[in-house]
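Could you look this one over with me? I've jotted down a few points to go with the sequence and the coordinates.

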Amino acid sequence: MRIFFLSVFCLVLFSFQQKESKKKTKQFPVSGIITGTSAYCSGARPPAELLAQLAIPKPKPNKKIYIKKGEVNSFDSKIFMELTTDTAGKFHAKLPAGKYLIVDEEKKDTAYYNKLLREHKTETKSFEAVDTVCLKEWFLKPDVTFEVKNAEVKNISVNYRKECFNLPCTRFRGPYPQ
């Protein structure tokens, strides 16, 4: 008789645990904007007004961003969510409570990192060799971090600055285009 009651108790407990695990994790709205600025990449020194205009962050429509869990973009971190900004450069998601980071295409995985190591391991006519310590630091640093704490998170902002020769941790040596 004891075995029967013990079996029934275990069955009830097991079904209760299954029901609990099937409950959805509560998710909270997360939103922000992705913007871009740009360096001046043409010939003669431009007027101050043009430099000021290039420094104003402008919305980046249709920009892909990647959300990962944690605060460091480790080499083995997995993409938790991929988003594309709307026409106003804004993004919206729903996430469970936790710590997150955002990166763009270049840091979503190690493909671009490995490409830079391969293609710029030695000095060329136009570029210095890539600084591998700097490159590792660049990769590990997220574009932004945020935390969801059982409430909506608004106004996350990331600005991507486009440089003339957009290669991290190496210097362009020329010749400059005419």
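Below are my notes on the pocket, one serine and a helix pair.

1. First, a reminder that this is a predicted model, so read everything here as computed from it.

2. Start with the largest pocket, which comes out at about 610 Å³. It has 28 lining residues, and those nearest the centre are Glu106, Tyr160, Arg161, Lys162 and Asn166. By type, the lining splits into 11 nonpolar, six polar and 11 charged residues.

3. Which elements supply at least two residues each to that lining? They are strand S1 (27-38), helix H2 (48-54), strand S2 (58-59) and strand S8 (153-162). S8 gives the most, with five residues.

4. Have a look at Ser31 too, which sits in strand S1. Is Ser31 buried or exposed? Its relative accessibility is 15%, and the cut-off for buried is under 20%, so Ser31 counts as buried. Beyond its neighbours within four places in sequence, Ser31 touches Phe91 and His92, plus Val153, Lys154, Asn155 and Ile156.

5. Then the helix pair: H3 (residues 111-119) packs against H4 (residues 132-140) at an angle of about 170°, and the axes are 11 Å apart. Angles over 145 degrees count as roughly antiparallel, and H3 and H4 therefore fall into that class. On the H3 side the contact uses Tyr112, Tyr113, Leu116 and Leu117, while H4 brings Thr132, Leu135, Lys136, Trp138 and Phe139. Seven of these contact residues are nonpolar, with one polar and one charged.

Methods
Residues are numbered from 1 along each chain as its sequence is written. This is a predicted model: local features need pLDDT of at least 70, side-chain atom pairs count only at pLDDT 80 or more; totals for chains, interfaces and linings use all residues. Side-chain values use heavy atoms; hydrogens and water are left out. On a 1 Å grid over the protein atoms alone, a cavity is a set of points where a 1.4 Å probe fits but cannot get out, and a pocket is an open set with protein on both sides within 12 Å along at least five of seven lines; lining residues have an atom within 4 Å of a point. Grid points are joined across faces, edges and corners, and a volume is the space filled by probe spheres set on the points. Helices (H or I, at least four residues) and strands (E, at least two) are DSSP runs, numbered from the N terminus. Ala, Val, Leu, Ile, Met, Phe, Trp, Tyr, Cys and Pro count as nonpolar, Asp, Glu, Lys and Arg as charged, and the others, Gly among them, as polar. Buried means under 20% relative accessible area, exposed over 50%, partly exposed in between (1.4 Å probe, protein chains only). Contact means heavy atoms within 4.5 Å. Axes are lines fitted to C-alpha atoms, for helices over the stretch in contact, and angles run from 0 to 180 degrees between N-to-C directions. Angles under 35 degrees count as roughly parallel, over 145 as roughly antiparallel, 65 to 115 as roughly perpendicular and the rest as oblique.
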